[in-house]
Amino acid sequence: MHAIGIDIGGTKIAGAVVDELGGIVRSSRVPTPVDTAALEDAVVEMIGELEAGERVDAVGVAAAGFIDAAQSTVYYAPNIDWRNEPFREKLEARVGGSVVIENDANAAGWAEFRFGAGRMVSDMVMLTIGTGVGGAIVAGDRLFRGGFGAGAELGHLRLVPNGVACGCGQHGCLEQYGSGRALMRMANEIADAGGIGQSLARAREEHGALDGTIVGGLIAAEDPGAVAALRHLGRWLGEASASLAAVLDPQRFVFGGGVAVAGELLLAPIRESFLEHLPARGYHPEPDFVIAELVNDAGVVGAADLARVWVEEHA
Ligand SMILES: [Zn+2]
């Protein structure tokens, strides 16, 4: 049984026909139109193109935002002008067959659970460290969505009372301490302080500002200032993971997104800080901390597999 997965990102729409082992049979990619009507047309066109000559049983569409528990309506999307958008109904009317809508971080987490770094466990937490922090929870072999469908927003777990202001309207969220954007803030602070921040300060002067590529390059070269910024980030992620372990008790934490390419340099401070902050340390079994395996394809593979699961459960 093949399913189509579509991942609507901020800059591109990626789509693929995916087999039941998570393998990509064929794929497609177009820039994301800004206009919502054009975006809908682009998704419909991509589905038509992908299903030509294939036997496809379901379509899963992943997008950033709050999706209702019925996987039908997008309550709110941060990058697309959707408010209470009945996207499933609109797509099903145009393409025929079953369509399910899923939060993009949930889709990526599900793909890791089924086919990537989360295989062999029943309970997993994934944190996607990109510009922001995305979250996904698998509990007892099932994706956790919450009662209204808006659960697992782990980036908005409050970490610091009265901390840095967050785009969600609150203060001190994990996203402000554990994201790519937070890494840039920390790198700038280290650059300002001189000492180990000298290379960061020089790079900032040369390029006008620090960005992910510059800081990532310095981390790869093991520059002490850039590694210190990453370590700071990792320690916050470890502290948040300890709180998550107290609630969810996963066997494995998976870290994805652009910052996770740092690998062990990121995981080491996460593990260290996790153990320092773990409630009942020494008596609580310790989970593994690993890097995501599927990287670019996780959104489409997860969306396709969740659509297949939906069809099987509703057959
Ligand atoms: Zn927030």
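Tutor: Residues are numbered from 1 along each chain as its sequence is written. Because the model is predicted, local features need pLDDT of at least 70 and side-chain atom pairs count only at pLDDT 80 or more, while totals for chains, interfaces and linings use all residues.

Student: What makes strand 2 and strand 3 a pair?

Tutor: Strands are DSSP runs of E with at least two residues, and helices are runs of H or I with at least four, both numbered from the N terminus. Two strands pair if DSSP finds at least two bridges between them; strand 2 (residues 12-18) and strand 3 have seven, in the antiparallel sense, and one of these bridges joins Ile13 to Val30.

Student: Why are strand 3 and strand 8 said to stand at the edges?

Tutor: The open sheet has five strands in the order 3-2-1-4-8, with mixed pairing. Strand 3 (24-31) and strand 8 (99-103) each have a single partner strand, so one side of each is left without a neighbour in the sheet.

Student: Why are helix 8 and helix 9 called oblique to each other?

Tutor: Axes are lines fitted to C-alpha atoms, for helices over the stretch in contact, and angles run from 0 to 180 degrees between N-to-C directions. The axes of helix 8 (residues 224-248) and helix 9 (residues 264-277) come within 7 Å and cross at roughly 40°. Angles under 35 degrees count as roughly parallel, over 145 as roughly antiparallel, 65 to 115 as roughly perpendicular and the rest as oblique, and helix 8 and helix 9 are therefore oblique.
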